[in-house]
Amino acid sequence: MPSCLYNQDVAACRATLKANSKTFHAASLLLPARVRAPASVLYGFCRLADDAVDVNFEGQGGKDVAVDLLRQRLDRVYAGRPDPVAEDRALAAVVAEFGIPRQMPDFLLEGLAWDVEGRRYETLDDLLAYAARVAGAVGAMMSLLMGVREPAALARACELGVAMQLSNIARDVGEDARMGRLYLPRSWMVEAGLDPDAWLCNPQFDAKLATVVQRLLAEAETLYARVGAGVAELPLGCRPGINAARFMYAEIGRELLRRGADSVSQRTVVPGRRKALLLLRAALALRPSKAALQATSLKVNQPLIDAAIQATPPRRAVDNVTFVINLFERLERRDQAPKGIAA
């Protein structure tokens with residue numbers, strides 16, 4: 001995308017990624033540049049959306065305002081008239097070039113709306129439905145950035161997103177609870193002898209809670225184990241970066257287990273030396289087994305797979321470059337024009 005404005009916008013998204021997610025930033029360094037840039041743009045938009053909803057969580061403004069405003073911004077992004085901010089401008093170029101269907105970011109925003117609603121997750125299936133929205137959607141969009149649209153491979157990409165979200169939830173139990181959020185399946189807590197509402201009022205770690213966290217990490221491990229089959233379907237140059245994300249997020253759960261599954265009184269961090277070893281392992285693990293490629297996919301991810309199948313494929317490369325150049329030239333003229341005068 002030969003545009004100075006686009007490059008500046010990508011740099012802003014990269015800075016956001018580096019500041020907010022050291023794990024994903026490290027993994028992204030192993031992606032080829034042609035994927036690393038748009039992947040950073042997706043992260044920039046996701047971070048912006050998450051931050052906007054978190055403001056609502058603090059009780060500022062109407063509960064639905066942030067999500068409604070984000071949907072309006074997406075309207076303008078998909079119309080080729082993004083707001084004059086780095087994340088929106090760059091996202092408009094990325095969704096056009098890679099043919100990302102609107103249903104995918106909408107699916108993500110639906111998950112954020114569930115956060116605003118304070119939705120409860122009674123069962124694992126309920127939690128997986130949430131994870132599919134806030135993380136499976138990202139996996140699907142990443143797959144499209146790498147040119148992969150086959151249903152089986154898409155299913156594994158979505159499952160990687162879900163697995164990573166389960167790892168995050170397990171790691172952040174205490175942090176979430178102190179903000180009044182509870183993502184652990186409530187039925188599991190009851191089975192362990194815990195009253196979810198009472199526990200949320202006074203979050204403490206004990207052996208009962210440990211069993212719930214361990215169950216969640218076991219579910220994540222099941223997904224990580226079969227994601228390798230999807231990695232095998234990616235272009236060779238993309239495999240190290242995706243494996244890096246897969247290995248490092250899985251390691252968060254394993255490190256948490258080494259600490260007794262206590263994610264209330266401490267925050268689990270994977271030591272830097274082990275991260276370096278995982279990056280090396282990711283760079284060498286280029287040909288994972290395809291045995292699990294045809295495994296039954298999570299039903300909660302099916303809308304994302306259907307959206308990819310039904311979407312119009314992206315324009316030819318020459319058409320894409322022309323569209324992006326024209327888009328950013330138009331945006332530059334608009335930003336430079338005196339206020340009140342249409343560019």
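User: A disulfide is a pair of cysteine sulfur atoms within 2.5 Å. To how many disulfides does the count come by this rule?

Analyst: The model is a predicted one. With the cut-off of 2.5 Å for the sulfur atoms, the number of disulfides is zero.

User: How far apart are the end C-alpha atoms of helix H14?

Analyst: Helix H14 covers residues 272-284, which makes 13 residues.

User: Against which helices do the buried residues of H14 pack?

Analyst: Lys 275, Leu 278 and Ala 282 are the buried residues of H14. Viewed down the helix axis, the buried residues lie within an arc of 60°, so they line one face of H14. Arg 273 and Leu 284, on the other side of H14, are exposed. The partners of the buried residues are helix H2 (22-28) and helix H13 (239-258).

User: Which helices each supply at least two residues of the lining of the largest cavity?

Analyst: The count comes to one cavity of 30 Å³ or more, and the largest cavity holds about 40 Å³ of space. Its lining includes Leu 217, Ala 220, Glu 221, Tyr 224, Ala 250, Gly 253, Arg 254 and Leu 257. Ser 167 also lines this cavity. The helices that each supply at least two lining residues are H12 (207-231) and H13.

Conventions: Residues numbered from 1 in each chain as written. Predicted model: local features only at pLDDT ≥ 70, side-chain atom pairs only at ≥ 80, totals over all residues. Heavy atoms only, no water. Helix = DSSP H or I, 4+ residues; strand = E, 2+ residues; numbered from the N terminus. Expected span 1.5 Å × (residues − 1). Buried < 20%, exposed > 50% of the residue type's maximum accessible area, 1.4 Å probe, protein only. Arc of directions from axis to C-beta. Contact = heavy atoms within 4.5 Å. 1 Å grid on protein atoms, 1.4 Å probe; cavity = no way out; pocket = protein on both sides within 12 Å on 5 of 7 lines; lining within 4 Å. Points joined across faces, edges and corners; volume = space filled by probe spheres on them.
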